[in-house]
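Hi,

Here is the structure I promised to pass on. Have a look at it first, and my notes follow below.

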Amino acid sequence: MYFEEIQIGDYRTIPETSVCHDDMLHFSQVYNPHPVHVDEKFAKTTRAGKILASGVYTFLLGWAHYVMQDFGGTETLAGTEIRMQFFAPVFAGDTLHGKAFVADAQVRNPYNGSIDVQVDLYNQHDELVLRSHSSEIVKRKNPAANLHAV
């Protein structure tokens, strides 16, 4: 989908995905080996009382589903920024679901535009656990015509 076909407010549903203990633990062992993410004994001494999913792992669970239905599809050229906010802990066995929507859209130049996509992920209790914003560059429909319009 070209930039001109994308509207602020367009949305995609992030389907349910389960947080698998083994996948969560493996991810953290490789990419975020803080004891709260990998050490059961240590995690028991924390306020949560058990191992927490890494925030980046949580983000990627939702992102994997979003990318399969990305607003720009094959017209998406690149991502330029990702920001994440974490609101509640995520644990093995949780079920996440959510929504991605276009929060903003700006023309960058005759060739492409930029969209800001907000992804909200919720747990099985409909509690917001993560909000992310990503900026994506998307091709414009007719760059040659856009050059003359400038």
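Predicted model: local features only at pLDDT ≥ 70, side-chain atom pairs only at ≥ 80, totals over all residues.

Leaving out neighbours within four places in sequence, Glu136 is in contact (heavy atoms within 4.5 Å) with Trp63, Tyr66, Asp70, Thr76, Ala78, Gly79, Gly113, Ser114, Ile115 and Val117. Residues are numbered from 1 along each chain as its sequence is written, and side-chain values use heavy atoms, with hydrogens and water left out.

Back to Glu136, which is found in strand β5. Strands here are DSSP runs of E, at least two residues, and helices are runs of H or I, at least four residues, both numbered from the N terminus. Is Glu136 buried or exposed? Its relative accessibility is 3%, so Glu136 counts as buried (buried is under 20% relative accessible area, exposed over 50%, partly exposed in between, with a 1.4 Å probe and protein chains only). The Glu136 side chain makes a polar contact with the side chain of Tyr66 at 3.1 Å, and another polar contact, of 3.4 Å, joins it to the side chain of Ser134. By polar contact I mean a pair of N or O atoms within 3.5 Å; within protein, one must be able to donate a hydrogen and the other to accept it, and residues adjacent in sequence count only if both atoms are side-chain atoms.

Arg131 also lies in β5 (residues 128-139), but Arg131 is partly exposed, with a relative accessible area of 24%. Its side chain makes a polar contact of 2.7 Å with that of Asp120. Setting aside residues up to four places away in sequence, Arg131 touches Arg83, Met84, Gln85, Phe87, Gln118, Val119 and Asp120. From Arg131 to Val56, 75 residues apart along the chain, the C-alpha separation is 12 Å.

Helix α1 (residues 21-31) and helix α4 (residues 55-67) pack at about 125°, with axes 10 Å apart. Axes are lines fitted to C-alpha atoms, for helices over the stretch in contact, and angles run from 0 to 180 degrees between N-to-C directions. The pair is therefore oblique (under 35 degrees is roughly parallel, over 145 roughly antiparallel, 65 to 115 roughly perpendicular, and the rest oblique). Asp23, Met24 and Phe27 of α1 meet Val56, Tyr57 and Leu60 of α4 in this contact.

Cheers
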